[in-house]
Amino acid sequence: MPIKTYRQAINEAMAMEMRRDSTVIVIGEDVAGGAGCSGDRDAYGGVMGVTKGLFPEFGEARVIDTPITESAIMGAAAGSAQAGLRPIAELMFMDFLGVCFDQIYNQAAKFRYMFGGKAECPMVVRTMAGAGLRGGAQHSQNLTQMVTMVPGLKVVCPTNAYDAKGLLIQAIRDNDCVIFVEDKFLYETSCEVPDEDYTIPFGEANFLREGSDVTIVGISNTVNKAVAVADRLAAEGISCDVIDPRTTSPLDEDAIIESVETTGRLVVVDEMTPRCGLAADISSIVAEKAFGALRAPIKKVTAVHSPIPFAPDLEDAWMPQEADIEAAVREVMGYK
């Protein structure tokens, strides 16, 4: 099976769906940027090059550059979804969610409900999030919790190239608004990805490691850190379940509960801030539904509740690191 990067997998998913379905379009800032310059009909493909190659194949009618106006991008996508298209709207950085949030949470998320099921909104918002690339406080946030809390939105957080392709194809074919959160730290990571199209259903968690002592639930790039920690601790005889929910809405609560009922211990790792975040949400679900199975207090490993520092050392200290996850596992294991 061929090895592909996270970036390639996302690009391939869009291209395959655009070939399969002529109603799929891409709209955003710089998605066709640079195309039309003398001697070069390809585009850079967005700030991270994810849409590169789409413009020369599908043209300016289906790969649409916009001004720097996120509210217009989301409004146009939501409107075109009502008119029979299946737009993929690129929100360059998730930090800009506030600029266009009304179009997403107050319009796109509600069409099906406000019109008695007669209207659908087959729209995907691709955006990138995450710290660690020295982007500063306004280009590094992960605001997945803000969209997860909105009824009517589906929220996807792929952690590897295989999942990214299958989940994005599923998202494009979905008839509701899907927020597809790409961790920018993962674009150069790679794994085996089939050339064929395939889908991964929403709401089905992935067990990356199976163990009996501690359940570790990660979100986005923290999943990979949790796997590294679990592998190290296994050498000491501490076995961990590592669960990647893949989608935060719907969330595979059953998989998490089932695991905690086996291990009796839970560590939730989340790069978002600690208050009202996904770590807090998952902790509350387990406390409510599996309290009797717990043998130690739940441990959250999150970012610091502050804006993201620009200084490299401070940014690293702000983010949950493998050492923090390992310390949390040892703490719940040592609880008496």
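Trainee: Let's start with lysine 225. Is it buried or exposed?
Mentor: Lysine 225 counts as buried, because its relative accessibility is 12%. Buried means under 20% relative accessible area, exposed means over 50%, and partly exposed is in between, with a 1.4 Å probe and protein chains only.

Trainee: How far can I trust the numbers?
Mentor: This is a predicted model, so local features need pLDDT of at least 70 and side-chain atom pairs count only at pLDDT 80 or more, while totals for chains, interfaces and linings use all residues. Residues are numbered from 1 along each chain as its sequence is written, and side-chain values use heavy atoms, with hydrogens and water left out.

Trainee: Back to lysine 225. Which helix does it lie in?
Mentor: Helix α8, residues 222-234. Helices (H or I, at least four residues) and strands (E, at least two) are DSSP runs, numbered from the N terminus.

Trainee: And which residues does lysine 225 touch?
Mentor: Leave out residues up to four places away in sequence, and lysine 225 touches Met319, Pro320, Gln321, Glu322 and Ile325. Contact means heavy atoms within 4.5 Å.

Trainee: How far is lysine 225 from alanine 72?
Mentor: In space, 37 Å from C-alpha to C-alpha. In sequence, the two are 153 residues apart.

Trainee: Zoom out. How many helices and strands are in the protein chain?
Mentor: The protein chain has twelve helices and 14 strands.

Trainee: Which domains is the chain divided into?
Mentor: Domain 1 covers 3-192 and domain 2 covers 206-334. The bounds come from an automatic or database domain assignment. The C-alpha centres of the two domains lie 27 Å apart.

Trainee: How many residues are in contact between them?
Mentor: 26 residues of domain 1 are in contact with 25 residues of domain 2.

Trainee: What about the radius of gyration of the protein chain?
Mentor: It is 20 Å, which agrees with the value near 20 Å that a compact globule of 336 residues would have. The radius is taken over C-alpha atoms, and the globule rule is 2.2 Å times the number of residues to the power 0.38. The C-alpha trace spans about 65 × 45 × 40 Å along its principal axes.

Trainee: How much of the protein chain counts as buried?
Mentor: 57% of the 336 residues. As for contacts with a separation of 6 or more, 81% are between residues 24 or more positions apart.

Trainee: Is serine 249 buried or exposed?
Mentor: Serine 249 counts as buried, at 18% relative accessibility. Beyond residues up to four places away in sequence, serine 249 touches Thr148, Leu153, Lys154 and Val155. Its C-alpha is 9.8 Å from that of glutamine 145, 104 residues away along the chain.

Trainee: What is phi at arginine 246?
Mentor: Arginine 246 has a positive phi of about 65°, though it is not a glycine. Arginine 246 is in the loop between β11 (240-244) and β12. Arginine 246 is buried, with a relative accessible area of 13%.

Trainee: And aspartate 30?
Mentor: Aspartate 30 has a positive phi, near 70°. Aspartate 30 lies in the loop between β2 (24-28) and α2 (54-58). At 41% relative accessibility, aspartate 30 counts as partly exposed.

Trainee: Last one. Is phenylalanine 310 buried or exposed?
Mentor: Phenylalanine 310 is exposed, with a relative accessible area of 56%. Phenylalanine 310 lies in the loop between β14 (299-302) and α11 (312-318).

Trainee: What is phenylalanine 310 in contact with?
Mentor: Arg134, Gly135 and Gly136, leaving aside neighbours within four places in sequence. The C-alpha atoms of phenylalanine 310 and serine 140 are separated by 9.5 Å, and the two are 170 residues apart along the chain.
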